[in-house]
Amino acid sequence: MRSGLFSFRAPSPTSRLEDAAGNDRRDTSPGLVPRQRHQRPRALLIGLGVLICAIICVGTLALSSRLYRQSFADHRREVHNLAISLAEQTDRALLSLDNVQRSLAERVADAGAATPQEFAALLGQKAFHRLMREKMSGLPHVDALSVIDSSGRLVSFTRHWPAPNIDVSNRDYFIVLSSMKGPASFVSEPVTNLATGAVTIILARRVTSADGTFLGVLLGTMEQASFEQNFANIDLQPSGLIALVRDDGALLARVPGSAAHFPRDAAARAQIAQALFGRQASDQMVAAGILDEHERVVAVDRLAHFPLAAVMSDSVSWLRGEALKSVLPVVVAAALVCILIGLIIFFVIRQLDGERAYSEKEHHRARYDALTGLPNRLFFSERLASLLARPGARPLALLFIDLDYFKTVNDTLGHDIGDALLQGVSERLLDTVAPHDFVARLGGDEFAIICHQADDDLGPEAAAQSIIEALRAPFLLEHHQVLTGCSVGIALSPRDGTDVATLLKCADLALYGAKNDGRGNARRFEADMGATARARRDIELHLHEAWEQRQFRVVYQPIFEATSGRLAGFEALLRWHHPTRGEVPPERFIPVVEESGLILKVGNWILNEACRAAAAWPDPLFISVNVSPAQFRGGHTYQQVGDALAASGLVPSRLELEITESLLLKADTSVRTALDQFRAEGIILALDDFGTGYSSLRYLQILNISRLKIDQSFIRHVVDDRHTQAIVKAILSLAQALELKTTAEGIENEAQLDFLKREGCTHLQGYLLGPPMSEEEACRLVRDRLP
């Protein structure tokens, strides 16, 4: 609804008012509408519905589980049958080639070849080449027959005559068979045929003489593609996979995908062999990464005459999906029945809830703040009473929070921005306090917190300080940057009271004590706060009456040049003469004027009165007017100054605006812009009470300050305290280095005057030189001191 750093809307009852542990901060207090009479039939209906649905769910689960297992078993059985069939077909194909190789080996034995040379001479003849071609004509799946002599050289090859000069002594089949170890036949991994370039699988048979001498090797070459083409003719499921695997884990053929691209290292083959041959095939599950990236259910069937196995598999995810499809109708039907039962119960409960809705709505409206969603004063009091009444209740702290400048925001930016500010404050309070603390809005700009961190003296004060820091950060409300803050009053139970009324009163008095100390403070309740609070309230009550009845007046205190003693100007000061009290000290009522928001009207009036009076004085006398930080917050200060100059006819260079270091600390873009505009028009900027605050010295350059005003607290002890002397000397030296003028306030004796003149102070002000005076007296002083 609103733009800025926060989305300022009333927190929903089930979101912002829940603590970090998920506990609703609203539900643990007495005074809530009794729900037992509504909850009992509701609970019975819900319980009955849950019971029926539970029975349906249990039955559905049992049936679905059985259907799921059956579907899974059927698919595995189908895969296993396909593996048996594939193994038999592959075994027959290899066996036909093996029989041809055996017959050729017998022909060698019959010819009586006893040495490798005789073997090579015999099988290298063209007649033997024709014999091999005749034998191969009955083997359509065989690509070629070859003869290798004992040195690994190709002797005869059915594709060419004479045989090309090819050496296969480095092939795995030749190395294994020539070593005279293991079986007489060997099935190779897929290799690239040196003659044709095709990827082939070779069935090799060792040939030996009668005395066991190694004579050579007979080869039957089959293209890998023919195996994979035959595998592809099998009707596979979308996730199906067929493979021909050697006992050591070497992958000879695979569909889909070519086994030629699989890793051939010993570790990978061992992993495949362990996964496929380590357990019973009917119980086999292969992890992802073995055959491909999927976890698979596999059926493995070994060939009867060769160290190979046919592998059929489907992915586990696909099988589960198929199994789930078989149980889906049952689950959907059960879900529909449960939904129907739920709808019936819903409409019955809705009827019952209709009676309760109105009472709860009214109860909520009576106990929650409509703007922020926080508990209101009634709910807060009920909660506090409940906590205090608990047997053996632990100590708790009551924190009262009052916002600074809230009335100023309302008066200058409007009530919509004021409402958004209250919502933003509630958000920050909920984010700042501990999870189990209770936050409420008591009304206006007052908030309260029940803090459970009260077992020691530091807990409540630390919580209060965290709140002060959180609310000190600017709020961005509808493109307005609003600065606020707060004061916090703290009352402890049982130390300060054990009942609601006493604790509320103590916290309220502590709050007034904190506000009396200045903004942004926290105070704990003390016994003597009652009298101070009553006096402050009394002043606040009479301030608006004083404004309406024009009891305020402006007085003017002269300012003199230090070197010549000539009158330089006046400072405009506010005074209050009460009809019965007499003169009220400025230090007692001016802070209240600022906090109450009356400073906006009073400050503008002082500005106009001062400019009007100064316009009657001769040039170059100037008038110095203090501008409160509260006046800048409304963003209208520049316009007010311009109007006052225009109405009085005063030259801008004769107006000096005194600003405080606290304004610089909190200055936003609008404040900086206004100050720059003042300087551009020739208005003098003076930094009041320099040295008592915390502003950075860089502001002196950034904002083009022309004058530093040394606070009278320094001047009072400048003669008798060497530390104060050092501070004043440092300020004056800094001003001289930066070519700034200085005004010392509160000069009351000659010793102070001599010291300041000696150290280079440019302007002097105080009762010794001239007290604050009326406008008429100021005019007489001007006539007397100026020609």
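This is a predicted model: local features need pLDDT of at least 70, side-chain atom pairs count only at pLDDT 80 or more; totals for chains, interfaces and linings use all residues.
Figure 1. Strands of a sheet pair through backbone hydrogen bonds, either parallel or antiparallel.

**Figure 2. Pairing of strand 7 with strand 8.** Strand 7 (residues 241–246) and strand 8 run antiparallel and are joined by 4 bridges. Within this pairing, Ile242 has Val255 of strand 8 as its bridge partner.

**Figure 3. The largest nonpolar core and a separate core.** The largest nonpolar core contains 74 residues. Tyr556, Phe570, Trp617, Ile623 and Leu655 are the residues that touch the most other members of this core. Helix 15 (residues 599–615) contributes 8 residues to this core, the largest share. Another core, of 42 residues, lies apart from it and includes Val79, Leu86, Phe227 and Leu244. In soluble globular proteins, nonpolar side chains tend to be buried together.

**Figure 4. Helix 15.** Helix 15 comprises 17 residues. From its first C-alpha to its last, helix 15 reaches 24 Å, close to the 24 Å expected at 1.5 Å a residue. The buried positions in helix 15 are Ile599, Leu600, Val602, Gly603, Ile606, Leu607, Ala610, Cys611, Ala613 and Ala614.

Figure 5. A search of the whole structure finds 0 disulfides, a disulfide being a pair of cysteine sulfur atoms within 2.5 Å. For Cys57, the closest cysteine sulfur is that of Cys338, and because the separation is 4.3 Å, the two are too far apart for a bond. For Cys338, the closest cysteine sulfur belongs to Cys53; at 3.8 Å, this pair is also too far apart for a bond. Cys57 has 42% relative accessibility and therefore counts as partly exposed, whereas Cys338, at 16%, counts as buried.

**Figure 6. The whole protein chain, for orientation of the close-up views.** The secondary structure of the protein chain comprises 24 helices and 27 strands. Of its 787 residues, 48% are buried. Among contacts with a separation of 6 or more, 64% involve residues 24 or more positions apart. The protein chain exposes about 37,100 Å², of which carbon and sulfur atoms supply 54%.

Methods:
Residues are numbered from 1 along each chain as its sequence is written. Side-chain values use heavy atoms; hydrogens and water are left out. Helices (H or I, at least four residues) and strands (E, at least two) are DSSP runs, numbered from the N terminus. Buried means under 20% relative accessible area, exposed over 50%, partly exposed in between (1.4 Å probe, protein chains only). Contact means heavy atoms within 4.5 Å. Accessible areas come from the Shrake-Rupley method with a 1.4 Å probe; for residues, only the protein chains shown count as cover. A nonpolar core is a set of buried Ala, Val, Leu, Ile, Met, Phe, Trp, Tyr and Cys residues joined through side-chain atoms within 4.5 Å. The expected span of a helix is 1.5 Å times one less than its number of residues. Two strands pair if DSSP finds at least two bridges between them.
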